[in-house]
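Here is a friendly walk through one model, with the cut-offs spelled out along the way.

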Amino acid sequence: MAEPLTPLIQTLHDSVMVLAPAGWTAVELRFVSTPQGLKLAELQTRGEGAKAPRPKPELHIDPRAEAQRLSEGVTELAEHLKGRWTSGVVTINRTPEFADYKLLRPDGTPAWFTRLQKEHLDSLLMTDALFELIEGSQRAFHDLQLALETKLRRTTGFVFDPPSGQLMLHQAEGPDLHAPVQVIAQYYPDAFTWAWGWAYEQRGALVEHVKRICAPEVTQPGLSALWRSEFHCDEGFAWAVAGSMVVSLGARGVFRAELPDDAGVVFFALMADPVSAS
């Protein structure tokens with residue numbers, strides 16, 4: 001495989017991981033030509049993922065939008081191949097060690113082949129390891145977040161005080177509340193970008209527990225969502241990652257704080273139940 005195409009194939013694989021059942025071993029993607037480019041017309045799964053799919057978390061990603069991203073990526077791949085493949089079928093067969101991509105013409109003849117090696121698979125954003133991490137914490141996060149939002153239903157604003165590590169929450173009625181926090185990440189909706197607090201915040205103890213769990217210096221295989229300093233994603237997926245972090249931290253939930261002047265939002269993990277500031 002030409003080295004410049006590796007990142008593109010990895011991006012395609014992330015989309016396939018979102019769209020296919022967890023634990024799949026073989027996928028067949030059929031694309032048709034449209035005036036706007038190639039379009040995914042059919043996705044079929046074979047192997048373990050088809051007969052006995054593993055539990056898969058709610059990723060809060062619109063499958064139609066993901067299919068569109070996949071179609072755009074395959075259109076870009078076809079352009080790189082300069083006429084060797086213009087439409088047809090893409091088959092993907094994977095093992096824990098590699099994933100083979102084959103492009104077949106409409107008549108079934110092979111047009112192109114490439115392989116993602118284990119090191120490429122281990123550095124993907126969407127992986128079985130990440131799905132297992134999120135799925136294992138999702139129910140607990142749902143319960144924690146529901147309880148927290150009930151307590152904060154009258155919140156009208158916030159003030160963050162980095163020196164004290166406290167988040168002050170203004171209430172429509174009654175005294176303000178405060179709670180110690182960890183800065184999980186900042187999210188930029190306009191750029192669809194998640195940026196970990198440990199990578200960009202100069203706030204010492206306010207990110208140390210999050211950084212310990214993410215372990216960026218270890219680069220755990222299959223968990224690049226934890227050790228990449230930033231990545232592109234929908235905000236729904238950002239919530240799924242933040243929720244997993246809340247459970248790992250033993251926190252009470254997430255407070256989503258909108259920054260002024262459209263500077264994005266901050267995900268705070270509340271490390272204790274909010275209490276009256278009076």
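## Aromatic pairs

Rings of Phe, Tyr and Trp (its six-membered ring) count as a pair if their centres lie within 6.5 Å; planes under 30 degrees apart are stacked, over 60 edge-to-face, and the rest tilted. This is a predicted model, in which local features need pLDDT of at least 70 and side-chain atom pairs count only at pLDDT 80 or more, while totals for chains, interfaces and linings use all residues. Residues are numbered from 1 along each chain as its sequence is written, and side-chain values use heavy atoms, leaving out hydrogens and water.

How many aromatic pairs does a search of the whole structure find? The search gives 8. In one of them, the ring centres of Phe 141 and Trp 239 are 6.4 Å apart and the planes meet at 40°, so this pair is tilted. It links distant parts of the chain, 98 residues apart: Phe 141 belongs to helix α5 (residues 128-151) and Trp 239 to helix α9 (residues 235-249). Helices here are DSSP runs (H or I, at least four residues), as are strands (E, at least two), numbered from the N terminus.

Phe 141 is buried, with a relative accessible area of 12%, whereas Trp 239 is partly exposed at 22%. Buried means under 20% relative accessible area, exposed over 50%, and partly exposed in between (1.4 Å probe, protein chains only).

## A ring cluster

Phe 231 and Phe 237 have ring centres 6.3 Å apart and planes at 65°, so they form an edge-to-face pair. Phe 231 is buried, with a relative accessible area of 3%, and Phe 237 is buried at 0%. Ring pairs join Phe 141, Trp 194, Trp 196, Phe 231, Phe 237, Trp 239 and Phe 267 into a cluster.

## Charges over rings

A charge sits over a ring if NZ of Lys or CZ of Arg is within 6 Å of the ring centre and within 35 degrees of the ring normal. Arg 94 lies over the face of Trp 24, 4.4 Å from the ring centre. Likewise, the charged end of Arg 115 is over the ring of Phe 98, at 3.8 Å from its centre.

## Helix α7

Which residues of helix α7 (residues 205-214) are buried? Leu 206, Val 207, Val 210, Ile 213 and Cys 214 are. They span an arc of only 115° around the axis, which puts them on the same side of α7; the arc is that of the directions from the helix axis to the C-beta atoms.

The buried residues of α7 pack against several elements, including β6 (155-161), β8 (177-188) and α9, where contact means heavy atoms within 4.5 Å. After α7 comes Ala 215, with a positive phi near 50°.
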